[in-house]
Amino acid sequence: MNYDIKNPSLSEAGALRIEYAATEMPVLRLLQERFAREKPLEGIRIGACLHVTTETANLMQVLVAGGASVALCASNPLSTQDDAAAWLAVELGIPVFAIKGEDNDTYYRHINAVLDTAPNITMDDGADLVSTLHTSRRELLPQVLGGSEETTTGVIRLRSLERQGQLQYPVIAVNDASTKHLFDNRYGTGQSTVDGIIRATNLLIAGKRFVVCGYGWCGRGVAMRARGLGAHVIVTEVDPLRALEAVMDGYQVMALAEAASRGDIFVTLTGDVAVLRREHFAVMRDGAVLANSGHFDVEIDLPALRSLARSSRRLRPSLDEFTLADGRRLYLLGEGRLVNLAAAEGHPASVMDMSFANQALSCAHLAANAKTLEKRVYPVPERIDKEIARLKLEAMGVTIDTLTPQQEDYLASWELGT
Ligand SMILES: NC(=O)c1ccc[n+]([C@@H]2O[C@H](COP(=O)([O-])OP(=O)(O)OC[C@H]3O[C@@H](n4cnc5c(N)ncnc54)[C@H](O)[C@@H]3O)[C@@H](O)[C@H]2O)c1
């Protein structure tokens, strides 16, 4: 069998957790039934680079039910759940290349192993398949029909490729669907980031000064949950509108230069580079905790942190202590990688239900419309977004109203005023 995973005998443990995750994924379950009937992905090869979790295992089942052959690798070296990877390789029988803690070389070897299957559709979380295809594996480009992208950072990279006229096939920005970022980025990252920090440290959050860098969809969620646990939340931003929103949401907003000396816990969620850096480490309090939940491990300037430290050691599985020259200790969580996946289990299944429903339906849309799509970054079609919201509400047993004919006329007209 063609796979590279930690240990196939973990499959049984994976099966139980995957089955449990499925109980919170009713929309995916419905899609699996529909895909099994309609086979919208018959004959399609999908190359997926996603966090290899129990939720992803449920998505893989939907794609296979739809007729696709799928190969999967990790989208982050620390986010793989080895039991889920084992189940996918052993029971679902798909090529999986993912081992928690893999080094950078293995990470890219695994990406290339997925590309070796010559995918017709790429499914990315962070655009590493797309970028590898557009650089070292260009010979595979002609058979690619399209791709989909899960996260904000990946969409930013794709838009940059598109702007430079370099994008070689159509890609759907799953992240930008309302049923993705309004829920996954906000409620998923909000809860699981705080979960990761707690699992890594077991700190009491109540009473802590909790600095959230970036008040985007993820930052809003984390700030909301940290406040719920009793933290004094400080927000830092570079965008005046987002900063204003944070002020009106009741948070303290200040420049990071000022927040650096006040915070007990720092979390970056910006998609940006070197947000927490040398000048901030220089003034942080003894014991400050540093975590990142943005896509790449570049938001905390790790080379600067290492160069300032006179020593470092691992005190807990996801917690490294850096002692600076003056004796202050800074604690880095999950090696500066997405703390919710490195130190916890990533987003709860209920929210991935919607994100992955977008992935599955976007794939079917690409397969059906490949001929007419251009080499652009496309939004998820609105009908798909609305359908997912409708199915999720239905599964939750929530009913909503429909417009009366009179209301439809009124909302479509301009004649009626005061
Ligand atoms: N941990 C996860 O599971 C998870 C889930 C979804 C998205 N993400 C990632 O999280 C990151 C943020 O995603 P998002 O959807 O919130 O993006 P977003 O664009 O909605 O928000 C990012 C915010 O950061 C701000 N920002 C940029 N540079 C900054 C700086 N130097 N200092 C302070 N603020 C700054 C921006 O102004 C913006 O408001 C991305 O990398 C995304 O891929 C992670």
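Visitor: How far does a polar side-chain atom of Thr 153 lie from an oxygen atom of the ligand?
Guide: In this predicted model, the distance from a polar side-chain atom of Thr 153 to a ligand oxygen atom is 2.5 Å.

Visitor: And what about Thr 151?
Guide: Thr 151 has a polar side-chain atom 2.6 Å from an oxygen atom of the ligand. For Arg 242, an N or O atom of the side chain is 2.8 Å from a ligand oxygen atom.

Visitor: Which residues around the ligand come nearest?
Guide: There are 25 residues around the ligand, and those that come nearest are Thr 151, Thr 152, Thr 153, Glu 237 and Ser 293.

Visitor: Which residue is the bridge partner of Asp 4 in E4?
Guide: Phe 97 is that partner. E1 pairs with E4 (residues 96-98) in the parallel sense, over 2 bridges.

Visitor: At what angle do H1 and H4 pack?
Guide: H1 (residues 11-22) and H4 (residues 82-90) pack at about 100 degrees, with axes 7 Å apart. The two helices are therefore roughly perpendicular. Residues making the contact include Ile 18 of H1 and Trp 87 of H4.

Visitor: How many nonpolar residues does that contact of H1 with H4 have?
Guide: The contact of H1 with H4 has 7 nonpolar residues, along with 2 polar and 2 charged ones.

Definitions and conventions: Residues are numbered from 1 along each chain as its sequence is written. This is a predicted model: local features need pLDDT of at least 70, side-chain atom pairs count only at pLDDT 80 or more; totals for chains, interfaces and linings use all residues. Side-chain values use heavy atoms; hydrogens and water are left out. Two strands pair if DSSP finds at least two bridges between them. Helices (H or I, at least four residues) and strands (E, at least two) are DSSP runs, numbered from the N terminus. Axes are lines fitted to C-alpha atoms, for helices over the stretch in contact, and angles run from 0 to 180 degrees between N-to-C directions. Angles under 35 degrees count as roughly parallel, over 145 as roughly antiparallel, 65 to 115 as roughly perpendicular and the rest as oblique. Contact means heavy atoms within 4.5 Å. Ala, Val, Leu, Ile, Met, Phe, Trp, Tyr, Cys and Pro count as nonpolar, Asp, Glu, Lys and Arg as charged, and the others, Gly among them, as polar. A residue is near a molecule or strand if one of its heavy atoms lies within 4 Å of it. A polar contact is a pair of N or O atoms within 3.5 Å; within protein, one must be able to donate a hydrogen and the other to accept it, and residues adjacent in sequence count only if both atoms are side-chain atoms.
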